[in-house]
Amino acid sequence: MLRGCFITGTDTDVGKTIVTAGLLAACRAAGADAIAVKPVQTGCLFSECGMTAPDILQYIKLAPGAQAFALETFETACSPSLAARLAGVEAPTVQGLLVKLEKSVPPVMSHGQGVVLVEGAGGLFAPLNRWETMLDLMCGLRDRHTLPVLLVAPNRVGCINHILLSLEALEARALRPLGIILSRTGEIDPAVADDNRAVAAEQARRFNVPLLAELPYLPAVTAVGDNGLAAARAELINCLLPPAKLLLAGCSAPYSRSEQNIRAADNGRCVGRREVGLPPEEVLAIDRAHLWHPYTSALQPLPVYEAVGAHGCRIRLRDGRELVDGMSSWWCAIHGYGQPALVAALQEQAARMSHVMFGGLTHEPAVRLTKLLIPLLPPGLNRLFMADSGSVAVEVAIKMALQYWRLAGRPEKTRLLALRGGYHGDTTGAMSVCDPVTGMHTLFSGVLWQQYFVERPTCRFDEPFDPACMAAAEKLFAQKGEEIAAVILEPILQGAGGMWLYHPEYLRRMRALCDTYGVLLIFDEIATGFGRTGTLFAAERAGVSPDILCLGKALTGGMLSLAVTAASEGVATGLSRRLEAPDLPDTGGAFMHGPTFMGNPLACAAACASLEFLLGSPWQTRVQGIEMQLRRELEPCRAFAGVSDVRALGAVGVVEMCNPVDVAALQDFFVARGVWIRPFGRLIYLMPPYVIDKQDLSRLTSAVADAAWTLSQAEGFQGRGSPAYDREKG
Ligand code: PMP
């Protein structure tokens, strides 16, 4: 953990380097160890005598004897991204710079003994590479070292505008500035300077950011030679001693504006400075004592790791470890984490309107999502119900089917037909259609609504279709078709019930059976939707449209929970009929469902951004590439004694073991290898973000292969026998 701060500016040439050098000198004057680090230094001079980095020279000039270094150096004085391109090398990345920084900082500093001053390049949005800016580096340093930001602004015409823009941008990323330091980069009319200072201080107060110091114009500092330098240095130290002392005291940033408001409402009891976030031990202790995690015991929970950040295909843990994500957070984060277009869409929508009730009101994000989504759906689905989670979308689908038949004068149609090995969610209606034996809800089997089940499709996706696999369904339709309201299934890929891939012909035949017997067909594409299996929806493989379709998970790219139940015009019309039966109340054609967060604008805005990003990206090529690599790199596992099957489709790769695995032990095993993979039952599987690169995917597949090999060798990894280890959804 480092102590210190990240020094950024409202623009380039605003005096960051002088402030950094001055703080370095002030810390040393206060008797403390301090070093200055320039993560990226452009405008360097490379000659036979070596390399000269301008800012490092300035540090040494103002704080003689101090330690200062640059992590990456480039010749052209421009943005790091362009400088790297001009030099013909890879642009620096946040991850690479963090690793280099941690390696370069002397051990005493790493333990928070001295002060580390990290000076950015340019302003907040200076591009580091094609995707990341200085702000991303600041986020990385905050997440890993809780390093606060110090904002340097010039006292000159236009500075208020730049200060406020910078404060807004910092606040939007939850980066809390320790304070602002005004600097003078030239002569200025004293009246203008006074007004700037007063306005800057007042405006910054709105963000709860203090004005810490103002430096006078010190031409001797930048002039060639030593004329007047000693006096200028003394002046600089004098001005910067108070902020230097703040840093030495290990002070972190004050509350952000929103936190400040909360505290104010809390009678101001806690107003003041504090460490950013709870201490890690407290996080884990409170979590263990009070929080349920999915599918775990409250009293003997499986171990958890604290995640503090997630960017691209990496999840960052509190202890600094970065894990390559192999799960897309259970099918959701298809574009990785922190995708700027999605983050911006959420921020923008949050600032405009985060939620309004959908009863009696509508809004552009929900309507835009509808406009985007309908043309993409399997043909014929044009009525949308926006719920808040996958399970609720399934409840809605079931209720639609029941209401449809009730209003069609067929009240005997009350049963659902589902597939063994299926999984549809955790609410009671959804539970009733999950596999009653291997599903996660066996405990409630006597209580749940009794549905009909047929064996899971035995015909594998990649083998010739065997019509015999329809026999059970045909028989059941013939016997019970009159009672069946709808069939519900996950097309092509059964997810949490076993990661099972089956033949598209099964869906075509099921559609035909439903049509013959007058049964509605519900596809649950909550897991498979949005490209996961290689087509936008798995149903496309069969060229079949259901009557009702459930979507969720990747709909918002993993930003927020949102689900959609889409119905055909026929279903919508049928369930909206006015009832003429005297013994039943007339609903007026209404569908009696309406969750509080229905059509939540924030979630809809995220979904629009996610869909636009997906459609604008070469996602098919990416998913195909992932499938090929998964097949190539996982296939060798088939030879291991403990492995019973290997399969892959789209961005899903599965290694099925002969025995259930110990989730906790295997999770540790994976974290030690720098990957995030969460197996369940006998399945070790991968479903990475589509934007993963080849190297990261290889890290995942080799970790899976290592695990499968180790499990095949050592009995020690076999299941612990607790149901929690065997049962978990994916
Ligand atoms: N259906 C399927 C196919 C799923 O995979 C899931 C979640 N794993 C659900 C429904 C339930 O979704 P949620 O967890 O959002 O309620």
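Modeller: We'll take salt bridges, then a surface patch.
Modeller: This is a predicted model, so local features need pLDDT of at least 70, side-chain atom pairs count only at pLDDT 80 or more, and totals for chains, interfaces and linings use all residues. Residues are numbered from 1 along each chain as its sequence is written, and side-chain values use heavy atoms, with hydrogens and water left out.

Colleague: How many salt bridges does the count come to?
Modeller: The count is 34. The rule is a side-chain nitrogen of Lys or Arg within 4 Å of a carboxyl oxygen of Asp or Glu.

Colleague: What does Lys38 form a salt bridge with?
Modeller: Glu119, with the closest N and O atoms 3.2 Å apart. The pair links distant parts of the chain: Lys38 is in strand S2 (residues 34-41) and Glu119 in strand S6 (residues 115-119), 81 residues apart. Strands here are DSSP runs (E, at least two residues); helices are H or I runs of at least four, and both are numbered from the N terminus.

Colleague: Is Lys38 buried or exposed?
Modeller: Buried, at 3% relative accessible area. Glu119 is buried too, at 1%. Buried means under 20%, exposed over 50%, partly exposed in between (1.4 Å probe, protein chains only).

Colleague: Which residue does Glu627 pair with?
Modeller: Arg631, at 2.9 Å between the closest N and O atoms. They sit four residues apart in helix H22 (residues 619-634), so about one helical turn separates them.

Colleague: New topic. Which residues make the nonpolar surface patch?
Modeller: Leu443, Phe444 and Val447, about 360 Å². Phe444 is partly exposed, at 37% relative accessibility. Patch residues have over 30% relative accessible area and no salt bridge; nonpolar side chains (Val, Leu, Ile, Met, Phe, Trp, Tyr) are joined within 5 Å, like charges within 9 Å. Areas come from the Shrake-Rupley method with a 1.4 Å probe; for residues, only the protein chains shown count as cover.
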